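Reader: Hey, I'm new to this one. Can you walk me through it?

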Amino acid sequence: MKNATIIYRKQIKDAGKNIALLIQFVMFPLMAVIMDNAIQVADLPEHFFVGMFAVMHIGMAPLNVTAAIIAEEKEKNTLRVLLFGGVRPFEYLIGTGGYVFSSCMIGAVIFALLGGYRGREFVLFLLIMAAGILVSMFLGAVIGICSKSQIIAASVMTPVMMIFAFLPMIAMFNETIAKVADFAYSQQIQILINGLSSRTTPEPKSLIVLGLSALIAAGMFVGAYRKSALN
Amino acid sequence: MKAIEIEGVRHQFGEKEVLKGITLSAEKGEIIGLLGPSGAGKTTLIKIITGQLIPSSGNVRLEGHDMGGASGEVYHEIGMMMDDFGVYERLTCYDNLKLYADIYRVHTGRIREVLEWVGLYEDRKCPAQKLSKGMKGRLMLARAVLHRPRLLFLDEPTSGLDPATTRRIHDLIRQMQQDGTTVFLTTHNMTEAEKLCKHIALLHEGSIVEYGEPKEICRRYNHQNKLRLLLDDGTSVRLPNTRESAEQIKEYLQNERIETMHSTEPDLESVFMELTGRSLQDS
């Protein structure tokens, strides 16, 4: 596992100099800070923008960044050099995934603080965010593994990201879309976060959809990994 | 045990057979060159030898390890500098090497050694994306030798580089060989092959058409076997390279008339042309 730590450190250095990726991590937490403080509408639930942008953060940042990092490494053949150096594919994925997960969770902590969650609610909020981030990371990894170049990865991940990041927001305005969105993990994350704010017990449906999404995404990831082994 | 053993390697891309039964070997500590024009199959062969491609048939053994079941351990004995192997553009030269020093469990002091060796120590804090093509080539060479590999594979190591950088890389390759490393290089540059390699294999359309020491190959194809003399009045004279010409040459020497004198054995380019009807520079 030492190689996974080496890859993790390398990703911090490398992605830390990649402005395009850094923007993904800070964009929605920053927007939430601004909107939450700048917009005060009477009928709007408290910290409305925190929940909305938290879901967008889940739908966009881990998916985009995971896919972009893997696709770039494949395109430039740096990944191949790592594998020939003795780094095993799963070590690379753990190191890279660890970097994306921890970076996204920093955003999640900002959302939690901004939303005023404390104690048990704070932990539950982070767990909900972590579950969503993991599902998005699996999807991002599948796109990255299956794409030969960054352009191909971008063209695939854009519609996927648009669906999962923005579906919960669109669902607020259209009942038909809301029915479809019920099957999306990001929509269930939105419901769980809203339930946390209103202190309602989560419905089994939310947990089932989220669990099934995680299983499907993990299954796709294992399939893609077995088929290509990052080659 | 030989350092590199290749037996009957064949490879197909779809219907096209790109390697047609290659058998080749290299002793430990020698520089062996694979010479051929673009599309001859050089890169495919080097990828098969290093386990990046699985051949349609045939065997490859490196230091006795069968590359069919190559593990991570084998790769710690191998250094590779492939044209399409990238570096981390945003990382500095030092950080690029630090990553691999950590992976190979090499002491960080070695990073300074190799950076000085390839002449990049002064540029150690420079991001790779700001390096010239020649400097990037040297960084890739530094990465390939960082863990002191016993086998070094170089795919067109000086392709597109300026003469000064090419000379520097040649010196570095020779130093590696003197330190006991076996070097396998592909090139379409006959001068490079002649200068560096103990043995060369001429590759044409997936087959080795000639193998041996560069000078020996040239001698083998010296059908004319003549001496070419340039005299002090500008006259060019060709004489058979036999004892019958000795008197004539002696006379020229006694009269101090000879400006230059060369044997007429062909260079590798001419040999390749004779064997295949193609130039090494053909793309």
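**Chain A and its partner**

Author: Reading along the sequence, chain A goes α-α-α-α-α-α-α-α-α-α, with helices taken as DSSP runs of H or I of at least four residues, strands as E runs of at least two, and both numbered from the N terminus. The radius of gyration of chain A is 18 Å, close to the 17 Å from the globule rule for 231 residues, so chain A is as compact as a globular protein of that length. That radius is taken over C-alpha atoms, and the rule is 2.2 Å times the number of residues to the power 0.38.

Reader: Where do these coordinates come from, and how are things labelled?

Author: This is a predicted model, where local features need pLDDT of at least 70, side-chain atom pairs count only at pLDDT 80 or more, and totals for chains, interfaces and linings use all residues. Residues are numbered from 1 along each chain as its sequence is written, while chains are lettered from A and ligands numbered from 1 in the order in which they are written.

Reader: What's the mean pLDDT of chain A?

Author: The mean is 89, and 99% of the residues of chain A reach 70 or more; pLDDT is the predictor's confidence in each residue, from 0 to 100. Within chain A, confidence is lowest in helix α10 (residues 204-228), at a mean of 86, and highest in helix α5 (residues 89-114), at 94.

Reader: At what angle does α5(A) pack against α6(A)?

Author: About 140°, with the axes of α5(A) and helix α6 (residues 119-146) of chain A 9 Å apart. Axes are lines fitted to C-alpha atoms, for helices over the stretch in contact, and angles run from 0 to 180 degrees between N-to-C directions. That makes α5(A) oblique to α6(A), since angles under 35 degrees count as roughly parallel, over 145 as roughly antiparallel, 65 to 115 as roughly perpendicular and the rest as oblique.

Reader: Which residues make the contact?

Author: Among them are A:Leu93, A:Gly97 and A:Phe101 of α5(A), and A:Phe122, A:Met129 and A:Ile133 of α6(A). Contact here is C-beta atoms, placed from the backbone, within 7 Å.

Reader: New topic: how many residues of chain B are in contact with chain A?

Author: 16 residues of chain B, in contact with 16 residues of chain A. The elements of chain B giving two or more residues to that side are α2 (72-75) and α3 (93-103). The largest share, five residues, comes from α3(B).

Note on methods: Two residues are in contact if their C-beta atoms, placed from the backbone, lie within 7 Å.
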